[in-house]
Amino acid sequence: MNFKTLSRAGLVGLALAGVASAALAQTPAAPVPNKGDVAFMMSSTVLVLLMTIPGLALFYGGLVRSKNMLSVLTQVFAITCVVALLWVFYGYSLAFTNGGGLNDFVGGFSKAFLRGVDATTVAATFSNGVVIPELVYICFQMTFACITPALIVGAFAERMKFSALLLFMVLWVTFIYFPMAHMVWYWGGPDAVGGAAKALAEAGADGKAAAQAALDAVNADAGMLFKWGALDFAGGTVVHINAGIAGLVGCILIGKRIGFGKELMAPHSLTMTLIGGALLWVGWFGFNAGSNLEANGTAALAMMNTFVATAAAAVAWLFTEWAVKGKPSMLGMVSGAVAGLVAVTPAAGFAGPMGSIILGLIAGTVCFFFCSTVKNALGYDDSLDVFGVHCVGGIIGAIGTGVLVNTALGGAGIPDYSSKPGELVTAAYEFGPAVMAQVKAVLFTLVFSGVGSAIIYKIVDVVIGLRVTTDQEREGLDIAEHGERAYHD
Amino acid sequence: MKIVMAIIKPFKLEEVRDGLTAIGVHGLTVTEVKGYGRQKGHTEIYRGAEYAVSFLPKIKIEVAVADDLVGKVIEAITAAARTGQIGDGKIFVSSIEKAVRIRTGETDADAL
């Protein structure tokens, strides 16, 4: 979840209002970042980078044939570097500033090239009066922008042209990811909402209308899915459903690998896949707990949920596969762990630990059947199951979040910053609206990213051509595209 | 002189080596090979993608011995490599026309 940054001037104003009654409080005291929060967010940020490189790179790399190992490693690493630059050029601004007339969908360019950002500017968290340095927030969100397009790589691994991949990713983050992040995560922040609500409560009869208008304006200054009430703690829609559907569209448009279903395409190193999968789990603590943006009890809840949902999903996949296919496989167990991590991502700070275990068990079982049965029946070649794990797991998590956030089920409840200004309280839970908001967010993401990605693939196909030649694909992308080999024996 | 070539299960190599050493065989060449016989292949499943693997990993050993030792070598390999399951392997014996020890130039029986 997220917010926008507060200008120092705005914070001063809020602080002034808050201390006006204190006799000696003439000096405005803007919130100062807490050193513990800063350290926590810096650590979380580098943990998310660890998920991508080498975590995701090795997880995917081990699953392809040895002749394509370096192509996958190169793609993931290159995407990380390119998107990191785009993020500070204009991505952060498009995601986390006010976009004027298009504000429902995307931000503007007011912070392009990090204009106005320096070591003293701050970003809001989810607690009133708690801020972190804006630069830390930008770095943290940068790692999300980097890993999301890298996830897509698995869907069309072993056959996409590197130049086409780079162009696709530049366009995809610009037109799909940055707007999605804005729509789900951009809002005014707790102090803006709390401050306006407080002003409304204190306004006299004649000022009521103006104060109400001010509060409405603060609430309206948010992304469209956020205003729908969709909950997404760490990126179920923005990251996983978004990347998963883009992967599905990609593998269908690019076509199956040569020899798919006939030749042996067994993973070349499941050892690498385990190392990568385990690094994903470790890094995911930064992803989920860090998404709380401050080191407190909710971050601890997210950490706990990230442990138990993952374990439950790994166990669920392992035993289901054992029962259905006869053997408990290591790849199945690690795949289950990733499915659990995906499912708990939107729920991390909202569900309770027991709810997260249920979520994990469902995700591990459903994703297993999807990857082993449904995919084969449909016949598309999603090389590394980006859709079956990330999109399917993401949908389970997103909708499950709407159910499990209920305090009656051990959840943390839906946050409410305006009922008691200056305090975070829990809004009344209603099953229908809560789940419908999630379903709407899922459907919107599927359509927006699915259609948008299809258009971008088509453009790249016309400009560069998506696929390597048959000979290059047979030789392997390592030699054909990068001129090097992963292994020399 | 004969050369005894045996295709065996990989995990039986150490036992075969011990058996051959016990009857006085001083040297052995080992190659990792793949192939199939009556055992056929096996099935590997990766997230539901089933692959029929038709070539199984085996070990090929080659031992050059004097004619009078051939019977004992076959006996030793058979005893050590047998599990009773399909896929234990095969032994082939053929004649050697000439043998030379590269270091000394010794030939035939002296070179073994």
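Me: At what angle do helix H4 and helix H5 of chain A pack, and how far apart are their axes?

Reply: Helix H4 (residues 134-152) and helix H5 (residues 162-185) of chain A pack at an angle of about 120°, and their axes are 11 Å apart. Helices are DSSP runs of H or I with at least four residues, strands are runs of E with at least two, and both are numbered from the N terminus. Axes are lines fitted to C-alpha atoms, for helices over the stretch in contact, and angles run from 0 to 180 degrees between N-to-C directions. This is a predicted model, where local features need pLDDT of at least 70, side-chain atom pairs count only at pLDDT 80 or more, and totals for chains, interfaces and linings use all residues. Residues are numbered from 1 along each chain as its sequence is written, and chains are lettered from A and ligands numbered from 1 in the order in which they are written.

Me: Which residues of H4(A) and H5(A) meet?

Reply: Ala145(A), Thr148(A) and Pro149(A) of H4(A) meet Met169(A), Trp172(A), Val173(A) and Tyr177(A) of H5(A). Contact means C-beta atoms, placed from the backbone, within 7 Å.

Me: Now the two chains. How many residues does each give to the contact?

Reply: Chain A gives 14 residues and chain B gives seven.

Me: Which element of chain B gives the most?

Reply: E3(B), with three residues on the side that touches chain A.

Me: Last one: what follows H15(A)?

Reply: Gly465(A), with a positive phi near 95°.

Terms used. Two residues are in contact if their C-beta atoms, placed from the backbone, lie within 7 Å.
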